[in-house]
Amino acid sequence: MRSTNEEQNKYVYDVRGLNLWYGDNQALKDITMGVEENEITAIIGPSGCGKSTFVKTLNRMIESIPIVRTEGEILYHGHDIFGSHMMVEELRTRVGMVFQKPNPFPKSIFENVVYGPKIHGVKDKKILMEIAEQSLRGAALWDEVKDRMSENAYSLSGGQQQRLCIARTMAVSPEVILMDEPTSALDPVATMRIEELMEDLKKEYTVIIVTHNMQQAARISDKTAFFLSGELIEFDMTHKIFSNPQDKRTEDYITGRFG
Amino acid sequence: MGKNSIREIIQNNIRNKNHFSDKVMPKVFFVMASISVITTFGIVYTLIFDSIKFFSQVPIREVFSTNLNPLSRDPSFGFLPLLNGTLLTTIIAMIVAVPVGMAAAIYLSQFASAKLRKVLKPILEVLAGIPTIVYGFFAYSFVTPLLMNLIPSLGAKNALSPGIVMGIMIIPMVASLSEDAMNAVPTIMKDGALGLGSTKLETTLKVIIPASISGIVASIVLGISRAIGETMIVTIASGSSKNFTFDITQSMQTMTAYIVEFTSGDAGSGTVGYYSLYAVGLILFVFTLGMNLIAQYISRKYREEY
C-alpha cells in the first residue's frame, strides 16, 4: 500500500493517460483528469463518445466485456485500481453504481436495499432494518415505501425503482457513486426528483454522473467534462464550460450545433 | 419504366390476386394442428375405456396392495411394487440429474467463455439424442458390472444402475433448459449485483438463480416426467421382479417395464391381465400429465417477477 501517496493525492480519482480498446476500436484516448471529493462531476458528450465506457472503467464494470483492453492508470485514493492489491469487489463496495435503467432484483423492497450489506456479512436484523431506513430516507423513497417493505420491487414505478437502486447503492456506504445516465429511462417528474436528490448526495458522496442531457449537467454539477470521440476535450467548472468554453468543439456541442 | 406504370402493374396484380390459397391454407394448418390434439383424446379414450373394464373386475383395495402376480391361475393385481419401482428409479435419476445438470447450467451460463460454451453446449445436447436403448445397454453391460465392484451384493438386474443412467440421460435436459432460464435474466440485473461488490458466484446464487427459479424448477419437473415415462433403460437393466422392496440393489419392475413385458408376452386379449396394461398406462399418463401441468403452472406463476 502506498499510504504516503494517499495523503499527498487530493483527488478521489486520479486518471492518468487512460486508453481503452474494444478489440481494435479505441474508445478512450489518453484521458487524464482528477475528480475531487464531495463534488458532482458531470460527463457530457454525444452518443458513442466514450462517456459511459469511462465511468464503467472507474469501477471496472467494463471488464465484463471480454474484448476490452486498457492502458494507463486510474488511481483511487492513490491506489491503482488495476493493481493486484485492489480487489475488484472491494473497489465496487467503495464505489457504487447506478445504471441507465432501474435494475432492482426480483425480490422485496427490503431485500433489495439490504442485499449489499447482507452479502458482505451484516446479519443482525435490527442493523439491517436501520440500514434500510437510512438508505431509503437518503434516496427520498422512505415515505413512499415504509408500509410496503415486503412487496416486490417491481410493483414500484420506474422512478421509484431508480431511487430504490440509489438506496441499494447507498446501503453499502460507498464513498463515490457513479451514475450512468440514471434518468434516461424516466419521465420528467421522476427525473426532477432524482436531480433534487443529487444536491443531498453531494454532502456525503462524491458523484460522477454521465448524462446526455446538457441542461441536467448545468443544473446539478460542479464540474463538467466534455467527451468527444473518446477524447476528453474540456474539463472545468460547470459554469465556465457552459458560459465560456475554451474549445470550439465544446461550444459547438453545448450550443446544439451537433450531438 | 415510369412511376405510373409500376403503380398500374401493382394495382392490376393486387386486384387479380388469387385469394383461394389465403382462404384454404389456414384450414389446412388447422387440420394439421388438430391431429395431435385428436390423437391425445384418442389415447385418453382408449386408456379410460379399457381401464374401466379392469377396475370393474379388480377391487380398488387389491390395486393398492403389494401383491402383484398377474400370470398365476389366481392372479392378483397389486400395483404398489410397480409404483415403487418407478418412484425409486426416478428418485435415483433426479439425485444424479439435478445437481449435475444445475452445475453444468451454472457453468455454461455464468462462467464459461462464449467460445467454450459454443463447443460445450452442442456436445451436452448430443447426450439427449442418444437412443434410450443404447442407454439401457450401457446400464446393463457397463454401469452394473462397474457398480458390482463397489457393491458385491448388487443383482445383475437392479434399480440403482438404470436409475443412475436415466439421470445421465436427463442431465442435458435439466442443464439446457436451466441454462436458457439463467441466460434470460437481464444482464443489467446481473450488473446491479456485481456493482454492489458481489463476486460472480454470489451473483449467481443470490440473484441469477432466484430470478430464473421458475425455468429451473420447470426443467426439473420435466426431467421427473421424463424419468417416470422412461421405458427401455429400466426394462433392460432393472428386470421384472414384482417384489415390493426398497432395496435398490435388487431387481424391481417399473410401470413402463410392466407394460413392455405384457405387450410382448402372452397376456391374452380380453383377460384381466390384458386390461391391467391399460390401467397401468392410465396411471402413468396421469402422472406425467400432472408433472407437465405442474411445470407449466410454475413457469407461468413466476413469469412476471421481473
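**Strands, helices and burial in a predicted model**

Modeller: In this predicted model, strand 4 and strand 5 of chain A run antiparallel and are joined by two bridges.

Colleague: What makes strand 4 and strand 5 of chain A a pair?

Modeller: Pairing requires at least two bridges between the strands. Strand 4 and strand 5 of chain A have two bridges, so they count as paired. In strand 5 of chain A, A:Asp80 is the residue opposite A:Leu75. The hairpin they make has two residues between the strands, and A:His77 there takes a positive phi near 50 degrees.

Colleague: How do you know that strand 1 of chain A pairs with strand 4 of chain A?

Modeller: Strand 4 covers residues 68-76, and eight bridges connect it to strand 1 in the antiparallel sense. The requirement is at least two. A:Tyr13 has A:Tyr76 of strand 4 opposite it.

Colleague: And what links strand 1 of chain A to strand 2 of chain A?

Modeller: Strand 1, residues 11-22, pairs with strand 2 over eight bridges, again antiparallel. A:Tyr22 has A:Asn25 of strand 2 as its bridge partner.

Colleague: In what order do the four strands of this open sheet in chain A stand?

Modeller: The order is 2-1-4-5, with antiparallel pairing. Strand 2 (25-36) and strand 5 (79-80) are edge strands because each has a single partner, so one side of each has no neighbour in the sheet.

Colleague: Why is helix 8 of chain A called largely enclosed?

Modeller: A residue is buried when 20 or more other C-beta atoms lie within 10 Å of its own. In helix 8 of chain A, 12 of the 13 residues are buried, so the helix is largely enclosed by the rest of the structure. Charged residues are on the list: A:Arg163 and A:Arg168 are among the buried ones. Others include A:Gln160, A:Leu164, A:Cys165 and A:Met170.

Colleague: How do you know that the span of helix 8 of chain A agrees with its number of residues?

Modeller: Helix 8 runs over residues 158-170, and at 1.5 Å a residue its 13 residues should span 18 Å. The end C-alpha atoms are 18 Å apart, so the two values agree.

Colleague: What makes A:Arg60 count as buried?

Modeller: The cut-off is 20 or more. A:Arg60 has 20 C-beta neighbours inside 10 Å, so A:Arg60 counts as buried. The residue lies in the loop between helix 2 (51-58) and strand 4 of chain A. Most residues other than glycine have a negative phi.

Colleague: Is A:Glu181 buried or exposed?

Modeller: A:Glu181 is buried, because 20 other C-beta atoms lie within 10 Å. Its loop connects strand 7 (176-180) to helix 9 (188-204) of chain A. Phi of A:Glu181 is positive, near 45 degrees.

Colleague: Why is A:Asn152 called partly exposed?

Modeller: A:Asn152 has 18 other C-beta atoms within 10 Å. Buried would need 20 or more and exposed 12 or fewer, so a count in between is called partly exposed. A:Asn152 sits in the loop between helix 7 (142-145) and helix 8 of chain A. Its C-alpha atom is separated by 39 Å from that of A:Leu28, 124 residues apart along the chain.

Colleague: What makes chain A as compact as a globular protein of that length?

Modeller: Chain A has 12 helices and 10 strands. The globule rule gives 18 Å for 259 residues and the radius of gyration is 18 Å, so chain A is as compact as a globular protein of that length. The C-alpha trace spans about 55 × 45 × 35 Å along its principal axes. Buried residues are 46% of the chain.

Colleague: Which residues touch the most other members of the largest nonpolar core?

Modeller: B:Val165 and B:Val174 do, in a core of 144 residues. Helix 7 (residues 160-183) of chain B gives the most to this core, 14 residues. Beyond four places in sequence, the contacts of B:Val165 include B:Tyr135, B:Phe138 and B:Ile233.

Colleague: How many residues of chain B are in contact with chain A?

Modeller: There are 18, and they meet 23 residues of chain A. Helix 8 (187-195) and helix 9 (200-211) of chain B each supply at least two residues of that side. Helix 8 of chain B gives the most, six residues. The side of chain B that touches chain A comprises eight nonpolar, six polar and four charged residues.

Terms used
Residues are numbered from 1 along each chain as its sequence is written. Chains are lettered from A and ligands numbered from 1 in the order in which they are written. This is a predicted model: local features need pLDDT of at least 70, side-chain atom pairs count only at pLDDT 80 or more; totals for chains, interfaces and linings use all residues. Two residues are in contact if their C-beta atoms, placed from the backbone, lie within 7 Å. A nonpolar core is a set of buried Ala, Val, Leu, Ile, Met, Phe, Trp, Tyr and Cys residues joined through C-beta atoms within 7 Å. The expected span of a helix is 1.5 Å times one less than its number of residues. The radius of gyration is taken over C-alpha atoms; the globule rule is 2.2 Å times the number of residues to the power 0.38.
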